[in-house]
Amino acid sequence: MASSQGGVGAVTALQSHHYSSGPHWSPGISQYQHQQQHHTARSLDRALEDAVCSGLLNLSGRKLREYPGMSYDLTDTTQADLSKNRLTEIPPEVCLFAPLESLNLYHNCIKCVPEAIINLQMLTYLDISRNLLSVLPKYLFSLPLKVLLVSNNKLVSIPEEIGKAKELMELDVSCNEIQVLPAQVGRLQALRELNIRKNCLHMLPEELADLPLIRLDFSCNKITEIPAAYRKLRQLQHIILDNNPMQSPPAQICLKGKVHIFKYLNIQACRMDKKPDTLDLPSLGKRCLPQPLTDRSMLMCLQNIESRLKVLLPDDVGAALMDGVVLCHLANHICPRSVASIHVPSPAVPKLSMAKCRRNVENFLDACKKLGVTQDKLCLPHHILEERGLVKVGVTVQALLDLPPLKPTQLSAV
């Protein structure tokens, strides 16, 4: 601290007096800046020297406006990090690094990608996020990219040539101004993660349904509908869709998460797909059956209940059955008073407590057992209460419906 104060005093003295001869040393501000510049230059030289030996070039966060490595042979570089600088272009010299596998240009002022980048035929990772790009050039997709990050730019479109990037596993084009996602994205058969968050998209291409996506983020757009074909995204673990004016599925379904979204999509697909095995229920409307066996057994369970009780239930099978009310009424339809007491919602209390739901479910399962449903066909309470085993619930319901009519003596025993 003392030297700092002395430096300020020395600078003040220099400004107040004229020295006619002889050099005068002072640890003043200008001298400090000179030392810092020297240290930075030396540090930069050291980074470049290290890169020559290691093949790893790290020039991140140095406020560079120009590429400083022209005096060094860096043609063997395999990884280059030029992020957080002030570069206005991708340095031509970097495009000559034939072995380059990873290039990080995050947070610069780059406005275009030069055609010379096609020289980098080993490049698998490119991060050019947070720049000033308005166009992604077609030739970019002739590279063997596995990861392409171009978020926070000024892109308004993605070229159809993106379909050529067969090895691409992660694509992030979030925070741009893209209005349409080309159908050719559906050709990216290696794609695992797609981030199209915060753009101007109004619809999603159905072609994405055939991809092995694990994560899909299309939040903060103008999307109103998820295509029913997306039910085929079997590997999808995370779907993020908040801040969209969703209509199909409705917002209340979307809020429940992925499982409920996929249930809804399956029902929609069933409605659109007019199959010959459609069950005709004139008083209830029509429900058609989808191809997967598990979906067929959910829907058949619902149809059988509707047919017996002459009611129309919601399309969400799990939600329709989870409080046990419908199931208890079904048991009583098979055998009157097999369930002596049923807790039902009322206008004052439209939703049953979990305890009452559990009692209904347990009473239903007890009735099934007494009526003759074998143990191997009985589901467990949590399969109904937690919507975790609808196929098993369907087996129980079907077994109950398949029971032979009870004789009067059997009815009295029950």
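Helices (H or I, at least four residues) and strands (E, at least two) are DSSP runs, numbered from the N terminus. The model is predicted, and local features are therefore reported at pLDDT of at least 70 and side-chain atom pairs at pLDDT 80 or more, whereas totals for chains, interfaces and linings use all residues. Residues are numbered from 1 along each chain as its sequence is written, and side-chain values rest on heavy atoms, without hydrogens and water.

Asp217 belongs to strand E8, which covers residues 215-217. With a relative accessible area of 7%, Asp217 is buried (buried means under 20% relative accessible area, exposed over 50%, and partly exposed in between, with a 1.4 Å probe and protein chains only). Contacts, defined as heavy atoms within 4.5 Å, link Asp217 to Leu194, Asn195, Ile196, Arg197 and Ile240, when residues up to four places away in sequence are not counted. Although Leu194 is 23 residues from Asp217 along the chain, the C-alpha atoms of the two are 6.4 Å apart.

Two residues other than glycine have a positive phi: the value is near 60° for Cys175 and near 55° for Lys198. In the loop between strand E9 (238-240) and helix H3 (251-254) lies Pro249, which is joined to Ser248 by a cis peptide bond with omega of about 0°.

In helix H10 (residues 390-401), the buried residues include Leu390, Val393 and Leu401.
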